[in-house]
Amino acid sequence: MMYAQAYRFRYLLEKNTMNIVGGLLMKEALRKSKNRKILLFGAGHNCKELLGAVGNMEVSIADNDITKQNMVLGGVQVKYAKDIIEWREYFVIVTCQETNEIEDYLCSLGLEKEEDYILMKEYVL
């Protein structure tokens with residue numbers, strides 16, 4: 001019984017912490033976005049968690065894994081990253097833990113860290 005209570009407490013604590021941190025992350029992204037649309041890059045666990053924290057804010061999702069194309073997360077259809085033509089329309093939040101490949105890709109498109117994209121892992125413990 002104690003284990004179940006401890007597990008539930010930990011779950012609620014993690015969920016509430018993610019909601020708070022996710023909300024702060026989205027606030028920071030909106031501040032830096034200069035009225036651009038928000039794009040979450042990486043359709044994995046962190047993206048799902050962040051979607052839960054953004055509420056009804058309109059976001060797009062992209063992933064560099066073509067098998068995730070057209071997958072739906074939180075009511076948002078995932079786009080294949082290489083199909084996006086106008087990256088400058090978006091402010092990007094990279095939700096993945098491993099970001100080197102994605103950062104290289106975004107830099108090759110002329111996007112600059114902190115100006116055009118941020119890394120979720122630098123904002124979330």
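**Chat about a predicted model**

Visitor: K34, buried or exposed?
Guide: K34 counts as exposed, because its relative accessibility is 55%. Buried means under 20% relative accessible area, exposed over 50%, and partly exposed in between (1.4 Å probe, protein chains only).

Visitor: What kind of model is this?
Guide: The model is predicted, so local features need pLDDT of at least 70 and side-chain atom pairs pLDDT 80 or more, while totals for chains, interfaces and linings use all residues. Numbering starts at 1 along each chain as its sequence is written, and side-chain values use heavy atoms, without hydrogens or water.

Visitor: Back to K34. Which residue does K34 form a salt bridge with?
Guide: With E115, where the closest N and O atoms are 2.4 Å apart. A salt bridge here is a side-chain nitrogen of Lys or Arg within 4 Å of a carboxyl oxygen of Asp or Glu. The pair links distant parts of the chain, 81 residues apart: K34 is in the loop between α1 and β1, and E115 is in the loop between α3 (100-108) and β6 (117-119). E115 counts as partly exposed, because its relative accessibility is 36%.

Visitor: How many salt bridges in total?
Guide: Nine. One of them joins K37 to E89, with the closest N and O atoms 3.6 Å apart. K37 is in strand β1 and E89 in the loop between β4 and β5, 52 residues away. Both are partly exposed, K37 at 46% and E89 at 37%.

Visitor: Which residues end up in one network?
Guide: E28, R31, K32 and E114, joined by salt bridges that share partners. Within it, R31 and E28 have their closest N and O atoms 2.8 Å apart. Both sit in helix α1, three residues apart, about one turn of the helix. R31 is exposed, at 58% relative accessibility.

Visitor: Where is R36?
Guide: In the loop between α1 (2-33) and β1 (37-41). R36 counts as buried because its relative accessibility is 15%. Beyond four places in sequence, R36 touches R88, E89, Y90, F91, E115 and D116, contact being heavy atoms within 4.5 Å.

Visitor: New topic. What is the order of elements from the N terminus?
Guide: The order is α-β-α-β-β-β-β-α-β, which comes to three helices and six strands. These are DSSP runs (helices H or I, at least four residues; strands E, at least two).

Visitor: And the largest nonpolar core, which residues touch the most other members?
Guide: I38, L40, L50, L51, I61 and I93, out of 19 residues. Such a core is a set of buried Ala, Val, Leu, Ile, Met, Phe, Trp, Tyr and Cys residues joined through side-chain atoms within 4.5 Å.

Visitor: Which element gives the largest share of this core?
Guide: α2, with four residues. The buried residues of α2 are N46, C47, L50, L51, A53 and V54. They fall within an arc of 160 degrees seen down the axis, so they line one face of the helix; the arc uses directions from the helix axis to the C-beta atoms. H45 and G52 are exposed on the face turned away from that side. Just after α2, G55 takes a positive phi of about 65 degrees.

Visitor: How much of the protein is buried?
Guide: Buried residues make up 39% of its 125 residues.
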